[in-house]
Amino acid sequence: MSSFIARVLSAAALVAPLFAPLFAPMPAAADPVETIADDLSYPWALAFLPEGDFLVTERTGTLRRVSRDGVVSDPLDGVPPVYFAGQGGLMEVRLHPQFEDNGLVYLSYAHGDAQANAMRVIRGRLTATGLAEVEPVFTVSPMKDTPVHYGGRLAFMADGTLLITTGDGFNYREAAQDLKSLLGKTVRVTDSGDVPPDNPFVGDDRADPRIFSYGHRNPQGLVVDAEAQTIYLHEHGPMGGDEINVLSGGQNYGWPAATWGMDYTGAHVSPFQTLPGVTDPMHVWTPSIAPSGMTLWRGALLVGALVDQEVRAVPLDGGEERRDFVSLDTRVREVRSGPDGCLYLLTDGAGGALLRRCG
């Protein structure tokens, strides 16, 4: 048991919950949804190219270009081999903030094999046929032997640094509190993978200097609101306890010492929902919705719900949570707001689709 967990357990009698479980959200009206492309193989993420096309990752290990008219390319070259097992495979795709000048594309994926695997981030220059000059930017350490809880979301901050989410590997959840481990963290690096000098743990011999925040379980939603200078992250809980957090550098977000979720055995992960020294979530889902992609849209965070097969809208002004895309009847893997003012979704599965709704 880590020294942090032992210390906080001794404070049990002093700790009380800060808030009650949240309300049941109400349905919202839906506008027509257009299918741009279908028959995608477990699509995970998409990026918007300047001329109107899309890059779409398939968790099976393929990066495809989808035209604005829905034409799906052959697999693009240059994607490294991925470990496709469990929750592992090819995950995020992000464009460099200066993509129109440098053509750089970033991918996250499960690297390795069943005995030793980790989430890795690479970058390469987009060409007509795929990626060239591919190089690794970041790899989680230590490696693990579980095919789950990779994290894998990427987002650039206003200063050009790159945020990366990492999962706890499921069987290694106490590593989320270990500042020497990169499991269960958000990481901040330069666009080439170096350590920014203003990272919160630079100069601390007890911590990896790439760590930005810690105490995360499996964070798979990440939004940087550059205008408000706010970072939003969501993460999967176990049975209950899915969270949206507002990130600040150097903060501890609690897992597994503090959580609203129960273990899959029905036992308590922790008796605590909040603790001294832990930054509490801004929003909690119990029971779990299994959150996926997340985007900022008209004053609300829109979050894909894999279990509930819809999208949840969480207003930033504290208003009532709403349900959207309730008629899809399929798992929603990704939700993104496009540069054209429309919403784009990826549905999960062997026959996944790229969807658009405008208005």
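## Overall build

Of the 359 residues of the protein, 56% count as buried, a term that stands for under 20% relative accessible area with a 1.4 Å probe and protein chains only. The model is a predicted one, in which local features need pLDDT of at least 70 and side-chain atom pairs count only at pLDDT 80 or more, whereas totals for chains, interfaces and linings use all residues. Residues are numbered from 1 along each chain as its sequence is written, and side-chain values use heavy atoms, with hydrogens and water left out.

The protein contains two helices and 24 strands, taken as DSSP runs (H or I of at least four residues for helices, E of at least two for strands) and numbered from the N terminus. The C-alpha trace spans about 60 × 45 × 40 Å along its principal axes. A compact globule of 359 residues would have a radius of gyration near 21 Å, and the 19 Å of the protein agrees with this; the radius is taken over C-alpha atoms, and the globule rule is 2.2 Å times the number of residues to the power 0.38.

## The largest pocket

The largest pocket has a volume of about 630 Å³. Its lining comprises 23 residues, of which Arg-94, Ala-155, Phe-156, Val-224 and Arg-336 are the closest to the centre. On a 1 Å grid over the protein atoms alone, a pocket is an open set of points with protein on both sides within 12 Å along at least five of seven lines, a cavity is a set where a 1.4 Å probe fits but cannot get out, and lining residues have an atom within 4 Å of a point. Volumes are the space filled by probe spheres set on the points, which are joined across faces, edges and corners.

Strands S3 (43–48), S6 (90–95), S10 (151–156), S14 (219–225), S18 (291–297) and S22 (332–337) each supply at least two lining residues, and S14 gives the largest share, with four.

About 360 Å³ of space lies in the second largest pocket. Among its 22 lining residues, Gln-87, Asn-218, Gln-220, His-236 and Leu-306 lie nearest the centre.

Four cavities of 30 Å³ or more are counted, and the largest cavity holds about 50 Å³. The lining of this largest cavity includes His-149, Asp-168, Arg-173, Arg-217, Trp-255 and Asp-263.

Conventions: Buried < 20%, exposed > 50% of the residue type's maximum accessible area, 1.4 Å probe, protein only.
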